[in-house]
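Some words used for a protein model rest on cut-offs.

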Amino acid sequence: MKKIRKAVIPVAGFGTRFLPATKSTPKEMMPLIDKPIIHYIVEEAVKSGIETIIFVTGRHKRAIEDYFDYYPELEQVLSKSGKEKEIQMLRQISNMAEFVYIRQKQQLGLGHAVLTAANLVGDEPFAVLLGDEIIKNDEKPGIKQLIDVYYQFGKSVIGTMEVPKEDVSKYGIVAGKEVMNGIKLVESLIEKPSIEEAPSTTAIIGRYVLTPDVFDALRETPVGRGGEIQLTDGLSKLREKEVIYAKDIEGIRHDTGNKLGYIEAIIDFALDRKDLRDEVFKMVKEKCKEMEKDSVEQN
């Protein structure tokens, strides 16, 4: 069984939900305290044994490439100030993995973005991590949980979680037969179904481990919902030829692709830090008291 060495991270989207900020700043580069969102995604991959990160990017995402590159001019300024610790920190970012970039010339969906990386992935199994979803798990990173299942069964594995019934239309949904605790043999997949169409409340989240056979499946996948080539549809096509598993990912998931999810992630990460926890907690507590007082006065 081939080792999973590569991860594909699609980052070509415009991030329109965060306009005007994303007019000039990629949404993946928006900070969670003092590190951009994409840094956490790459850290998860590297901690899971990934050696090569393939960014599927666009012409407006050069900031991501610059972030993971060396910055000798900044290092020179820091060196003059004796800030060797900061220099080492910057170099560690550049040395986290091998970084490769390929442009998705047309934004035709997640399935198309993954297919864009086909030549770089080759005939190896690989991971896919979406660039706006963070999985917090100090014991075992989210994508590592899927990699372990792949090594157990040798087939593609989809990361999942349970969602309220009223939210199924926001996700790709899978149904399947449980074969082990938290692991299902996938029987059907559907992209953003209505409540009536949904075969379950098991939602696909932004983590996958895929066999290279998915590329042929994606080439055969017609344009689907939203006029795009959906990865869920491609996986449904792949399932016609080989089995696919789904694994409920353990950990705290933050969807930073929407405003409330982004704010929640900032607060969560701030409360995790010893240098910020007490002051942030005090700030939030005081703000809540002010809002309660205003509410009472208005009523």
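**Terms and the values behind them**

In this predicted model, helix α10 makes a left-handed crossing with α11.

Q: Which residues of α10 and α11 meet?
A: On the α10 side they are A270, L271 and D272, and on the α11 side R277, V280 and F281.

Q: Why is R207 called buried?
A: Buried means under 20% relative accessible area. R207 has 0% relative accessibility, so R207 counts as buried.

Q: How do you know that E44 and R207 form a salt bridge?
A: The rule asks for a side-chain nitrogen of Lys or Arg within 4 Å of a carboxyl oxygen of Asp or Glu. Between E44 and R207 the N to O distance is 2.8 Å, so the pair meets the rule.

Q: What makes D132 and K27 a salt bridge?
A: Their closest N and O atoms are 3.1 Å apart, and the limit is 4 Å, so the pair qualifies. D132 is in the loop between β6 and β7, while K27 is in the loop between β1 and β2 (31-32), so parts 105 residues apart in sequence are tied together.

Q: Are D132 and K27 buried or exposed?
A: D132 has 13% relative accessibility and K27 has 18%. The limit for buried is under 20%, so D132 and K27 both count as buried.

Q: Why are R62 and E65 called partly exposed?
A: Partly exposed lies between the buried limit of 20% and the exposed limit of 50%. R62 has 47% relative accessibility and E65 has 32%, so both fall in that range.

Q: What links R62 and E65?
A: Their side chains meet in a salt bridge, at 3.7 Å from N to O. Both residues lie in helix α2 (residues 62-67), three residues apart, or about one turn of the helix.

Q: How many salt bridges does the rule give?
A: The count is 23. A network of salt bridges links K3, R5, K6, E51 and E124.

Q: Why is Q230 called buried?
A: Its relative accessible area is 9%, which is under 20%, so Q230 is buried. Q230 sits in the loop between α8 (213-219) and α9 (231-239). Leaving out residues up to four places away in sequence, Q230 touches G111, E191, L218, T221 and R225.

Q: Which residues touch the most other members of the largest nonpolar core?
A: They are I9, I38, V42, I53, F55 and F68, in a core of 41 residues. The largest share of this core, six residues, comes from α1. Another core, of 29 residues, lies apart from it and includes V128, Y208, F215 and I229.

Q: What is V42 in contact with, beyond its neighbours within four places in sequence?
A: V42 is in contact with I9, I53, F55, F68, M96 and F99.

Notes. Residues numbered from 1 in each chain as written. Predicted model: local features only at pLDDT ≥ 70, side-chain atom pairs only at ≥ 80, totals over all residues. Heavy atoms only, no water. Core = buried A, V, L, I, M, F, W, Y, C linked by side-chain atoms within 4.5 Å. Buried < 20%, exposed > 50% of the residue type's maximum accessible area, 1.4 Å probe, protein only. Helix = DSSP H or I, 4+ residues; strand = E, 2+ residues; numbered from the N terminus. Contact = heavy atoms within 4.5 Å. Left-handed = near helix turned anticlockwise from the far one by under 90°.
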